[in-house]
Amino acid sequence: MVRTKLVISARFRERLEAAGFSQSALARKIGVSQATIGKLALGESTGSKHLHVIAQVLGTTPAYLTGETDDPEVGALLTPTPEVLADQLDLVLVPQIDMSYGLGATFIDEQLVKTNPVPFPRSWLELFSKSEPENMFFALAEGDSMEPTIMDRDIVLVDRTQHTIRGQDRMWAIAMGPLGMIKRVRALPDGTFKIISDNPRVPPEIACESELHVVGRVVGVVRKT
């Protein structure tokens, strides 16, 4: 029993480090308490009813963790990466950025922070844009100034290859100074731009070309139901 506890402890900590998980992160992913994970790491427990799930997340098997085999990969059911899933299912990967665009305005960083890519059917994306998936991104919309077209917490799909205002009153992800927003934009004869909200209670604004940075055109809106 003592040997089993030591084997589990050593192998569990080895696989935890190899997978790049902290004890708390693994606990959150699996849906167990950190105490459950801590007991395995310290050798205070010889197992758990969640051991098969823990092993799968760590890229191994319960048999390896408990010392029944010395090969961590034999029989392991590895969680496929988004890239593997995309290749197997003929999907494309679209970046999802870790920030929100205010429908009124919200502070943004100069650089877009990408999170894990999200797989989508290529045919679905082509309904919105012919751009390559790496030139598009998903972001969260906040606020009510573009209602009823875009609602608070909708997901917007932005095409970064379209960054020159062409076609009047289309929706764009733009930045004015440190503020990011989603608005309709109309080019005026004097070289300025009219920034328009779909919510009639929000008055339009005027911006000169030097004040306006176009991130990309909004080509799709995904709404939670």
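Residues are numbered from 1 along each chain as its sequence is written, and side-chain values use heavy atoms, with hydrogens and water left out. Because the model is predicted, local features need pLDDT of at least 70 and side-chain atom pairs count only at pLDDT 80 or more, whereas totals for chains, interfaces and linings use all residues.

Secondary structure elements are DSSP runs numbered from the N terminus, with helices (H or I) of at least four residues and strands (E) of at least two. Burial is expressed through relative accessible area, where buried means under 20%, exposed over 50% and partly exposed in between, computed with a 1.4 Å probe on protein chains only. In helix H2, which spans residues 23–30, the buried residues are Ala25, Leu26, Ala27 and Ile30; H2 is followed by Gly31, the phi of which is positive, near 90°. In helix H3, residues 34–42, the buried positions are Ile37, Gly38, Leu40 and Ala41. These residues are placed on the same side of H3 because they cover an arc of only 160° around the axis, the arc being that of the directions from the helix axis to the C-beta atoms. After H3 comes Gly43, again a residue with a positive phi, here near 75°.

Strand E11 (residues 212–222) has eight buried residues among its 11, and is therefore largely enclosed by the rest of the structure. Pairing of two strands is assigned if DSSP finds at least two bridges between them. Strand E6 (residues 155–159) runs antiparallel to E11 and is joined to it by five bridges, with Ile155 having Val222 as its bridge partner in E11. Strand E7 (residues 170–176) is likewise antiparallel to E11, the two being joined by five bridges, and in this pairing the partner of Trp172 is Arg217.

E7 is itself mostly covered, with six of its seven residues buried. E7 and E8 form a hairpin with two residues between them, and Gly177 in the turn has a positive phi of about 65°.

Most residues other than glycine have a negative phi, and most peptide bonds are trans. In the loop between strand E5 (136–142) and E6 lies Pro148, which is joined to Glu147 by a cis peptide bond with omega of about 10°. The loop between E5 and E6 also holds Arg153, which is not a glycine but has a positive phi of about 80°; Arg153 is partly exposed, with a relative accessible area of 42%. In the loop between E6 and E7, Asp169 is another residue that has a positive phi, about 65°, although it is not a glycine, and with a relative accessible area of 25% Asp169 is partly exposed.
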